[in-house]
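Biologist: I want to learn how to read an annotated site on a model. Can we work through one together?

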Amino acid sequence: MASFCKKSMVLFLLAAISFLISCSNATGLKKFDHPTKGNGNLRFLVIGDWGRKGDYNQSAVALQMGRIGEELDIDFVVSTGDNFYDNGLTEEDDPNFLESFTNVYTAKSLQKQWYSVLGNHDYRGDAVAQLSPYLRKIDSRWICLRSFIINAEIAEIFLVDTTPFVKEYFVETEHTYDWRNVMPQKTYTENVLKDLENALSESTAKWKIVVGHHAIRSVGHHGDTNELVDRFLPILRAYEVDLYMNGHDHCLEHISDSESPIQFLTSGAGSKAWRGDVKSLNREGMNFFYDGQGFMSVQVTPTHVEIEFYDVFGNVLHKWSRSKQLLHTAI
């Protein structure tokens, strides 16, 4: 009997160790399964820097999003952050949520899931409120987490919290940021990168897309985000990420990476735009830049991806497409 108990205890300990090892290897990012339609294709819109209660042409952009969304029969919408201006939400019941989101994006085609990340302006308010599941009771479309994954079968979209990586936000005195659950910054950002790398290494999707608020490459007002160039870009290259999408600069742009197949796509023109505000001198790989309001669509099949940028009137400003085979042999 003692021998049996001893063996049982050993087996229990081995099982516990195995469980802990499996947990330590598993990604820490929550995953949302979003099955594609019967044809296996995926279509979605990307919009950023929008929440201004319909002002600065936000409502006009929303109107065209509804039209294009219907034409493409989109699966969902991705928001690249700065969802509510000027300083995020004040609380869970902040009327700005209804005034800048629910009451603006009213088209039938936009009544799909909205997957959102936080931007630096969102961190200037109650960031925790914007992440609260309570908002889904107000509008069931809303999903906003710091970092998470959309599993759309042929593609995995990795949405990442980039604001805590930017050093200047921790030293400037003009604004106050909600750093709850972020501090200490070094530990938080290291964990974000670890989770992203683990998730990318485990991904078997045909297409890998990463979304963050801040640009890795941009010729707009803010230019390249050095912290992301140093810490994100090597990971994206190592795991053959296809597309990196962001907002932050209030423009539309498309830049190709010089050392990998990655395409850098900025969609931060959801409302207020910065006409003529081009500061960066690094124009390497620049394919397209537009300093007005608009948004972007993404269409993915098992073998092709197509990107289109639209202005406030719904006109196509720039189109880019590539087959998966060409995408990874072009460099």
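Biologist: Where is Asp 82 found: in which loop?

Modeller: Start by placing a residue between its flanking elements. Asp 82 sits in the loop between β3 (76-79) and α3 (96-102). Keep in mind that this is a predicted model.

Biologist: Is Asp 82 buried or exposed?

Modeller: Check the relative accessible area. For Asp 82 it is 1%. Buried means under 20%, so Asp 82 is buried.

Biologist: Which residues does Asp 82 touch, leaving out those up to four places away in sequence?

Modeller: Its contacts include Asp 49, Trp 50, Gly 51, His 121, Asp 122 and His 213.

Biologist: Which residues does UniProt list for "binding site"?

Modeller: An unreviewed UniProt entry lists Asp 49, Asp 82, Tyr 85 and His 250. They are spread over 202 residues of sequence, yet they cluster in space. The largest C-alpha distance is 13.0 Å. From this set, His 250 is part of the lining of the largest cavity.

Biologist: What joins the side chains of His 250 and Tyr 85?

Modeller: Look at the atom pair. A polar contact of 3.1 Å links the two side chains, His 250 to Tyr 85.

Notes: Residues numbered from 1 in each chain as written. Predicted model: local features only at pLDDT ≥ 70, side-chain atom pairs only at ≥ 80, totals over all residues. Heavy atoms only, no water. UniProt positions renumbered as here; feature names shortened; annotations may be inferred. 1 Å grid on protein atoms, 1.4 Å probe; cavity = no way out; pocket = protein on both sides within 12 Å on 5 of 7 lines; lining within 4 Å. Helix = DSSP H or I, 4+ residues; strand = E, 2+ residues; numbered from the N terminus. Buried < 20%, exposed > 50% of the residue type's maximum accessible area, 1.4 Å probe, protein only. Contact = heavy atoms within 4.5 Å. Polar contact = N/O pair within 3.5 Å; in protein donor to acceptor, adjacent residues only side chain to side chain.
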